[in-house]
Structures are given as structure tokens and as C-alpha cells.
Amino acid sequence: MRTLLVTLAIALPLLISGCSSQPAAPEQPGAGVEDRKPTAITTPPVVQPPISTGNVDPYDIAELKNPKSILSKRNVFFDFDMYIVKDEFKPLIEAHAKFLVKNPKMKMLIQGNADERGSREYNLALGGKRSEAVKKALLLLGAKEDQVESVSLGEEKPRCTDATEECWAQNRRGDMLYSGEY
Amino acid sequence: MKVRHSFVALLACAALPAGAQLSIEITGAGANRIPVSIADFAGERIVSQALTSVVRGDLERSGWFRLVEPGTLATMEPTAGNIADLKTRGADAYVAGGVLQTGEGRYESRFRLFDVPKQAALGGHTYAHGSNQLRTTAHRISDFVYEKLTGEPGVFSTRIAYVVKSTGRFELQVADADGMNAQAALASREPIISPTWSPDGSKLAYVSFEAKKPVVYVHDLASGRRHVAANFKGSNSAPAWSPDGKRLAVVLTKDGNSQLYTLNADGSGVNRLASSSGIDTEPQYSPDGQWIYFTSDRGGSPQIYRIGAAGGNAERVTFEGSYNVTPRLSPDGRNMAYVSRNNGRFQLTLMDIATKQSQVLTDTAKDESPSFAPNGRTLLYASEINGRGVLGTVSIDGRIKQKLSVQAADVREPSWGPQLK
């Protein structure tokens with residue numbers, strides 16, 4: 001997990017700063033993003049929410065698939081046996097909450113997951129608490145109840161199947177998925 | 001939600017190929033095993049041999065017995081000389097029997113059990129059976145011998161249920177307690193968890209994800225028919241039968257968190273049992289039906305609690321450590337098996353309810369899903385060895401151990417069926 005965070009911390013600002021120099025693809029309005037210099041690797045992977053520059057809408061539906069937009073990021077990671085959303089994921093949740101507010105017809109399914117250790121039933125409940133925590137955060141930020149559904153997959157659908165802490169950390173996760181993605 | 005075609009096969013009685021059968025390996029035996037000599041049963045050779053080998057296998061694998069060679073002796077009426085010979089071989093008990101063909105595909109099997117030091121017959125039985133009931137008959141003989149010599153009922157005639165996961169496929173299987181006769185009751189591309197036997201042994205309640213979310217089903221094994229017992233908004237899981245088989249305790253998230261409810265086995269009469277702001281899950285009735293034991297993180301970490309079966313105030317049961325889950329009561333209500341985390345290892349643990357003394361029973365690190373044998377002497381559980389899901393059994397003193405595995409697949413979520421009269 002730590003390596004993943006460090007990689008994100010390096011890669012994200014690079015991606016974002018690189019973005020401003022890239023011309024937007026004609027059929028897909030690019031996200032105008034504040035120019036940011038790469039920061040020290042100890043900084044958590046805080047990504048600035050998209051800021052509109054001119055007539056480009058950072059909350060356009062196409063941004064969900066734009067790898068340069070924060071909206072293309074969907075994972076919220078949790079600590080072992082925890083279901084508190086960590087501060088480092090708050091900008092991500094804020095961006096998706098804003099997207100849901102600006103696109104009231106869009107619907108989201110949040111899938112909560114747990115690592116393989118411990119009881120399957122407890123992990124099913126834990127995944128439920130995780131997806132519910134993401135949902136609550138989105139609702140507090142203005143998303144509507146009928147837009148967001150939370151479910152748990154427990155430990156049944158692991159993304160990574162090695163018995164290592166790195167792998168387990170990837171599986172302790174909430175995924176924010178939009179219609180057509182699940 | 002996009003509707004995908006989901007593959008679910010309901011199977012009433014589908015025998016599995018030999019490679020899919022559970023294989024059993026003894027990994028620990030009791031300290032004082034009873035030396036018993038089992039003569040080759042007399043009669044139609046191929047039939048009697050099968051019977052004898054099943055009885056020998058049962059008794060030896062149980063960890064309570066050591067087999068002693070009977071030599072050429074094979075009589076149900078041993079002489080004083082025969083007994084003296086058995087004594088010198090070190091046998092404490094002697095079993096002899098025979099099989100008679102009574103008609104087309106019909107047999108009569110008889111046996112007698114002797115106490116060698118006392119030179120006394122301890123009893124015997126005659127069973128009429130068909131050629132497809134050979135193993136069943138042998139298990140009943142083993143049950144008789146086990147009970148006479150150890151004082152507790154045998155569990156060789158019982159069945160177990162478990163889930164086998166191979167690539168992209170989950171199967172709910174039912175097998176004899178020795179792993180033989182495995183049959184699939186349900187096959188699905190989505191996970192199946194938490195199977196549990198109805199007290200009369202005719203049904204399994206379980207959780208299937210085939211509808212892309214957890215739903216509780218009750219499945220009749222003889223007919224292969226099933227019905228939805230709980231499918232509310234959100235997740236439906238962790239079914240547990242009341243001792244009279246009429247109600248199920250389940251966990252629902254329809255009102256928010258994972259919370260405990262009870263309902264009739266047909267899905268009617270839903271009643272909320274408890275309220276907490278955190279997770280409540282894994283209910284299990286005490287054998288007297290008075291209590292429901294469950295896992296909750298209401299105190300900050302997952303611990304075991306119990307509440308009256310009709311509701312009331314919950315009381316905490318486990319206090320040591322920061323992770324105690326999956327409470328399972330022994331049939332006599334004296335012991336509680338559960339999984340505790342110790343230095344990062346998840347281990348099968350046994351608590352004496354009266355003294356609250358606990359003992360870790362295993363040396364594995366990923367134990368889950370304990371289930372008591374109907375005689376309360378052995379626990380069946382899931383674990384992992386070399387990255388492979390296996391089942392284990394362990395006696396409640398931690399000495400007698402077996403490993404049950406399936407070739408090229410993970411086996412998990414075991415549940416030991418009841419003793420049928």
C-alpha cells in the first residue's frame with residue numbers, strides 16, 4: 001500500500017501538470033487543471049479538484065474516462081478492520097460528489113471490499129460499512145440518496161490474490177462505479 | 001444494474017467425478033488410542049471386503065483407535081484360545097462380522113464387538129441393506145463400536161457440507177463425514193458462503209451471490225428445490241437455524257448497518273433482534289434456544305456477544321485480544337468455538353463457557369468457519385495450507401487432527417450436519 005501511495009504521489013502531480021501542455025482531443029474536452037509542480041514524495045496524493053478554464057466543463061461525463069481527470073480515479077482504500085475514510089481520499093470523494101450534483105441523472109454503485117483475513121461474514125459486513133462510509137461522505141457533499149447505492153462484496157471478489165500486505169491493502173477498498181461500469 | 005445471464009445450477013443428486021472428492025490425511029492422533037482388532041468380515045468376498053475396509057478406515061481416521069492385526073481369526077464366536085491370542089497381540093477390543101446375500105442386490109450384515117481383557121461380548125447388530133448402502137452400513141457399525149468403546153456417540157454416519165471453488169466456479173457440495181459420496185447441491189459462477197444444516201438434516205440455508213448481491217436461500221436436499229428466505233434491499237447473510245428448525249437468525253442491511261433479525265424459514269415474520277451503530281453479524285442460537293451468540297464491533301473491535309433469543313440487552317462474552325469472531329456453540333452448550341487473532345494469526349479457539357477459559361486448538365494462521373461434530377468432540381473448520389483452501393478437523397483437546405482437501409481447488413465454508421436417528 002505504501003508503495004502504491006508513493007507512486008501515486010509522484011505520478012499524479014506529473015500527470016496533472018503535464019496535462020496543461022497537452023492539447024485536448026477534439027471529441028473529448030480535456031480537463032483544464034491548475035498547473036502544479038511535482039511535489040515531494042512525502043505529500044499525500046492530494047489531487048486538486050478540476051477547475052474550469054473557459055468553456056471546458058471539468059464535470060462533463062466524458063471526464064469519467066479521462067485518465068487526466070481525478071474523476072477517472074474510483075478507489076478509496078482503508079486500513080485493516082477500519083471503515084473510516086482517510087483524509088487523503090477526501091478530494092477524490094469531493095470531486096465525485098460535485099460530479100453527481102452537476103449530473104443529477106448519473107447513478108453510482110459503491111462496492112465495498114475487504115481483505116481475505118478473518119471471517120467471511122464479518123468481512124461482508126466490513127465491506128458494507130466501507131461502501132456506506134463513502135456513500136455518506138458523498139451525500140454530505142450534496143449527492144442525492146437515489147443517485148448512490150452501496151453494496152458489499154466482502155472478501156469474495158479480491159482484486160489481488162497474493163498473501164502479502166501490499167495485496168491485502170489493495171483489497172481493502174471501496175470502488176465508486178457509474179452506470180454501465182458494473 | 002446491468003442484468004447479466006447468471007449461471008446457477010440446482011442439483012438434486014449429482015455425483016461428482018473421483019478427482020473432485022475430498023481426500024483425508026491424518027495429521028495428529030490421540031495420545032491413548034484404543035487397540036482394536038477388526039477381522040475380515042465373512043461372506044461374499046468383494047462385498048465383505050468393502051465393508052471391513054470402511055469400518056477400519058473410520059475407526060483409524062478418528063484418531064481414537066489403533067488397528068491391531070487379527071491374524072487369521074475371523075470368527076464371530078471366538079474361543080478362549082482366540083481371545084488369549086488377541087490379548088498377546090495387544091488388542092483391547094475385537095470386531096467380527098459377516099455379510100449374507102438374501103436376494104438380488106439385497107444383503108444382511110451382522111457384527112459383534114468383544115471386550116478382550118474381560119472376555120465379554122459388548123453387543124452387535126444385524127442390518128438388512130441394498131448393495132448401494134454398503135458404506136452407510138459400515139458407518140453404522142463404526143458408530144456402534146465408537147460409542148461402546150469411548151462412551152460418546154460416533155459421527156461416522158453424518159454428513160458435511162462445504163463450498164469448492166475452482167476457476168470461475170463455486171459448488172456447494174454435500175459429502176459423507178469421511179469425504180466420500182460428494183454430491184453438488186448448487187453450482188454457480190458467483191460466490192456461495194455460510195451453508196448451515198437445518199436441525200433435521202433435510203435442508204441447507206446459505207448465502208448465494210448469484211443475483212449480484214448476497215441473498216439467503218433455503219435448499220431442500222432431497223428434491224433440489226429451494227426458496228428465497230431473505231432478499232431485502234442491501235445484503236442478506238449469515239443464516240442460523242433455531243433449534244426447532246422453524247426460524248432463522250439472519251443479518252440484513254435493509255435498515256443501514258449489518259444488523260440481526262429473525263424470520264420464519266419461509267421468509268415471513270421478520271423481526272429485528274438488536275440495534276447497534278456498528279456491525280452485528282454471525283448469529284448462532286445456543287442449543288437450548290435461549291441465546292443468540294453473535295459477533296459485533298460495538299465495543300470498538302470485533303468481539304463475541306450474546307443476546308436473548310427474543311431480544312434484550314447484549315452481554316459481552318470475549319474480552320481477550322482485539323479480534324474474536326464466528327461463535328459456534330457445542331451441542332451440549334458447554335463449549336464455544338470461535339476464531340481469534342493472535343499475533344496476526346487467525347486461529348481456531350475453544351472457550352469453556354462456564355470458566356471462560358480459552359485454548360487455541362490449531363497452529364495454522366488463516367482458520368475460519370468452525371463447526372462442531374454432532375457429538376461435540378471434534379471441530380471442522382476451514383484453513384489455508386500453501387495458499388490452498390483446505391478443511392481441517394481437530395478434537396476439542398487439540399490432539400487429533402485431519403486435513404481434508406480437494407485436488408486443484410479451494411475448499412471452504414464447512415458445516416457439519418446433525419446426527420440423524
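Predicted model: local features only at pLDDT ≥ 70, side-chain atom pairs only at ≥ 80, totals over all residues.
Across the interface of chain B and chain A, the rule finds eleven residue pairs in polar contact, both residues at pLDDT 80 or more, where a polar contact is a pair of N or O atoms within 3.5 Å, one able to donate a hydrogen and the other to accept it within protein, and residues adjacent in sequence count only if both atoms are side-chain atoms. Residues are numbered from 1 along each chain as its sequence is written, chains are lettered from A in the order in which they are written, and side-chain values use heavy atoms, without hydrogens and water.

The same rule-based approach to charged pairs finds five salt bridges across the interface of chain B and chain A, a salt bridge being a side-chain nitrogen of Lys or Arg within 4 Å of a carboxyl oxygen of Asp or Glu. One of them joins Lys366(B) to Glu116(A), at 2.2 Å from N to O. There is also a network of salt bridges that links Arg120(A), Glu155(A), Glu156(A), Glu368(B), Arg412(B) and Glu413(B).

As for extent, 33 residues of chain B and 25 residues of chain A take part in the contact, meaning heavy atoms within 4.5 Å. About 2400 Å² is buried between the two chains, with carbon and sulfur atoms giving 57%; this is the accessible area (1.4 Å probe) lost on putting the parts together, summed over both.

Over all chains, the whole structure holds 32 salt bridges.
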